[in-house]
Amino acid sequence: MNNRELFEKTKQENRSWLLEHEAKQVLQNMNILIPPSKLVLNEEEAIESAKEFGFPVVLKLMSKDVMHKTDSGAVVIDLSNEQEVKETYIDFMRRFENIEIAGVLVEKMVKKGLELIIGTSTDSTFGPVILFGVGGVLVEAIKDVVFRMCPVTKEQALGAIGEIKAKILLEGFRGQPKVNKDQLADLIVKISQLAWENREYVTEMDINPIIANEDGIFPVDARIILK
Amino acid sequence: MIIMTARLENFFNVKSFCVVGASTTPNKPGNVVAYNFINSFPGKTYLVNPRGGELYGKKLYPSILDVEDEIDAACIIVPAKYAPQALEQCGEKGIKNIIVTTGGFSEIGEEGIVLQNQMYEIMKKYNLNVIGPNCLGIYSPALGIDTMFLPDSKLKRPKSGPVSIFTQSGAFGAAFIDQLSGLGSGQWVSKFISYGNASDINETDSLEYIGEDSDTKMIIIYLEDFKDGRKFMEIAREISLKKPLMGIKANRTETGAKAGASHTAALSSNDAIVDDLLDEAGILRVITWDELADCVLAFGTQPLPLGDRVAIITDGGGAGVMASDMVSDCNLKLAEFSPDVQKKLDETFPIFYSTGNPIDLTGSATAEDYRDAFEAVYNDPNVDAIINLNIPCIPDLDINDYVKYTSEFAQRKKKPFLTALIGGEEGTKATNKLLAEDIPVFPSPGRAVRALGLLTDYTKYLRKHGVDPKSIHVED
């Protein structure tokens with residue numbers, strides 16, 4: 001499905017936001033590299049996908065009734081063998097038996113790294129704006145973010161990257177790998193285009209965390225909220 | 001790019017002007033504006049008053065439609081309820097550019113909104129350009145245009161100069177204009193635009209016009225919100241590479257951020273966004289009113305620094321330390337003097353003066369000590385700007401000589417030279433003498449350094465975008 005179709009389908013199902021696997025499909029349609037993942041419907045499929053991607057993996061429950069997955073215990077990380085995948089799958093089915101489930105997303109776990117956020121929202125004055133900054137669960141407490149109007153040019157994206165207070169973290173802070181700013185800027189440009197081109201559908205977007213590690217830059221979670 | 005004439009050009013570049021509501025009662029708004037035009041406007045002025053008769057030796061036309069000649073622009077100064085009719089007649093007469101200073105429209109609620117909507121209909125029907133309503137309109141001393149309806153006895157007019165201003169708030173505009181008239185020589189203003197309710201002409205039109213106006217060398221803005229924020233930022237990005245653009249975006253606590261479903265929405269308070277966008281567009285944002293006049297003094301009289309290295313000269317340790325703190329707060333650096341300059345300073349001054357940076361001439365300082373210190377650091381290639389601090393109550397300092405030396409160095413204009421005079425009567429007298437020559441003087445070390453910080457921020461912005469700060473000239 002192309003992005004427009006994904007948004008239309010979500011609206012037809014009376015949902016105001018895309019499930020993570022749908023949001024990741026949207027990113028993929030923008031040629032954004034995401035960690036290997038697959039939506040599965042039983043534990044055999046889960047194990048098969050995990051083996052295909054290589055351990056460790058992460059299991060996430062996909063349900064329109066669970067938006068804040070971490071808060072609901074709908075994300076289990078660092079599953080390092082078939083047994084753990086199977087147990088987690090069964091545990092999900094038991095704990096969430098009373099809600100409508102779209103499936104379980106099996107995803108190759110991204111190695112630790114610097115957690116960043118790219119998001120968009122709709123400002124009453126400026127329309128779609130993009131935010132870049134330090135991500136993770138503490139994003140709202142740390143508030144180290146920079147805004148630009150969508151869409152941004154690569155030059156503007158690079159400028160924004162250079163403006164966060166913690167920019168030293170991008171330079172390979174205390175033995176961490178250096179973040180590829182060029183690649184990061186491309187990602188900001190693509191997300192800003194996504195928000196701009198689909199402004200009649202999308203009101204908010206959180207790509208958080210985006211993990212930057214020695215292998216590259218990976219959107220690990222994605223949330224797209226429709227108008 | 002298609003070069004289009006900014007719509008405001010039609011208001012300033014006029015040969016004939018009509019005052020609708022020219023009152024015969026002294027100091028009434030319609031009387032003041034009529035007086036302004038008759039006294040200053042080099043083109044033809046027409047006055048309209050339904051009662052007819054004469055005012056200041058000019059015929060009062062009972063209606064706009066009675067005027068036979070063509071008219072380029074008009075100012076409507078009648079009570080709000082009569083404004084739509086006056087606007088309609090302007091339209092019929094073929095006047096395309098109209099300023100409506102009267103209040104009592106959308107800003108007062110329901111009843112006013114109805115009136116403003118009537119105005120919109122007329123504007124559309126005749127394809128009019130309208131400034132206002134609820135505004136002071138426009139002022140340009142060089143062009144003899146002045147729709148500010150407060151008499152000169154109350155609101156003093158600054159003379160012609162490099163600064164153009166546009167403001168959403170008329171009261172801010174009146175106060176700031178009045179202030180500029182009393183700042184130094186009072187020669188500051190090129191174009192002033194107060195657009196009030198922005199029913200048509202708004203902040204973006206204003207920026208577009210004065211950005212391209214060759215007489216405008218720097219721009220000061222006062223905004224509370226944007227009518228066309230996206231375009232404003234796009235235009236500002238271009239203009240800020242040609243002339244400094246600075247000002248206040250008030251209404252900072254407006255709560256745009258809501259508990260949205262995303263972190264991004266939760267972080268997206270309108271002011272956080274505005275702050276970043278202003279910064280990116282090269283608009284120097286200041287927060288307090290006094291910083292605006294400080295900007296006019298600093299940008300209007302001194303060149304941009306070519307670097308961030310500051311020399312501080314003081315006669316008081318405390319003032320020097322506070323200035324040094326502000327230097328780092330403003331992302332500036334204390335200069336390290338070059339060896340020969342350091343040697344010169346060490347040889348010139350007694351052992352108990354501090355010849356590092358800040359140079360502390362102590363309470364024993366004389367005006368000549370200041371002069372020698374200025375001379376040494378002004379020519380040091382390691383120094384990009386000078387902060388000259390003086391607490392004038394010390395015994396051996398001849399304040400008149402100090403004023404003379406300060407004035408001389410501030411007028412060299414090779415590097416920014418900013419002064420703070422701190423104290424009571426003696427300081428105030430010296431300040432007034434210096435300001436009369438448009439020498440930038442501030443009442444505290446912090447304000448002097450902060451003004452330098454803004455000059456330097458602009459240099460940095462220009463360099464980041466590949467523009468040579470030497471290409472920007474505000475001061476003559």
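This dialogue walks through a predicted model, chain by chain.

Biologist: What secondary structure does chain A have?

Modeller: Chain A has 7 helices and 11 strands.

Biologist: How do I read the radius of gyration of chain A?

Modeller: Compare the value with that of a compact globule of the same length. For 227 residues, that rule gives a value near 17 Å. Chain A has 18 Å, which agrees. A box gives another view: the C-alpha atoms of chain A fill roughly 45 × 45 × 30 Å along the principal axes.

Biologist: What share of the residues in chain A is buried?

Modeller: Count neighbours: a residue is buried if 20 or more other C-beta atoms lie within 10 Å of its own. In chain A, 42% of the 227 residues are buried.

Biologist: What share of the contacts in chain A joins residues 24 or more positions apart?

Modeller: Take the contacts with a separation of 6 or more. Of these, 63% in chain A join residues 24 or more positions apart.

Biologist: Which domains does chain A have?

Modeller: The assignment gives domain 1 (3–108) and domain 2 (114–226) of chain A. Their centres, over C-alpha atoms, are separated by 23 Å. At the boundary, 16 residues of domain 1 of chain A are in contact with 14 residues of domain 2 of chain A.

Biologist: Which element supplies the largest share of the side of domain 1 of chain A that touches domain 2 of chain A?

Modeller: Helix 2 of chain A does, with 5 residues. Helix 1 (3–12), strand 1 (17–18) and helix 2 (20–29) of chain A each supply at least two residues of that side. By class, this side of domain 1 of chain A has 10 nonpolar, 3 polar and 3 charged residues.

Biologist: Now chain B. What is the strand order in its open sheet of 7 strands?

Modeller: In chain B the order is 3-4-2-1-5-6-7, with mixed pairing. Strand 3 (54–55) and strand 7 (129–131) of chain B stand at the edges. Each has a single partner strand, so one side of each is left without a neighbour in the sheet.

Biologist: In which sense do strand 5 and strand 6 of chain B pair?

Modeller: Strand 5 (residues 73–76) and strand 6 (residues 97–100) of chain B pair in the parallel sense, over 4 bridges. Within strand 6 of chain B, Ile98(B) stands opposite Ala74(B).

Biologist: Which strands of chain B does helix 2 of chain B lie across?

Modeller: Helix 2 (residues 29–40) of chain B lies across strand 1 (16–20), strand 2 (44–48), strand 3, strand 4 (58–61) and strand 5 of chain B. For direction, use the angle between N-to-C axes. Helix 2 of chain B runs at about 165 degrees to strand 1 of chain B.

How values were computed. Residues numbered from 1 in each chain as written. Chains lettered and ligands numbered in written order. Predicted model: local features only at pLDDT ≥ 70, side-chain atom pairs only at ≥ 80, totals over all residues. Rg over C-alpha atoms; globule rule 2.2 N^0.38 Å. Buried ≥ 20, exposed ≤ 12 C-beta atoms within 10 Å, placed from the backbone. Contact = placed C-beta atoms within 7 Å. Pairing = 2+ DSSP bridges. Axes fitted to C-alpha atoms, helices over the stretch in contact; angles between N-to-C directions. Domains from an automatic or database assignment. Nonpolar A, V, L, I, M, F, W, Y, C, P; charged D, E, K, R; others polar.
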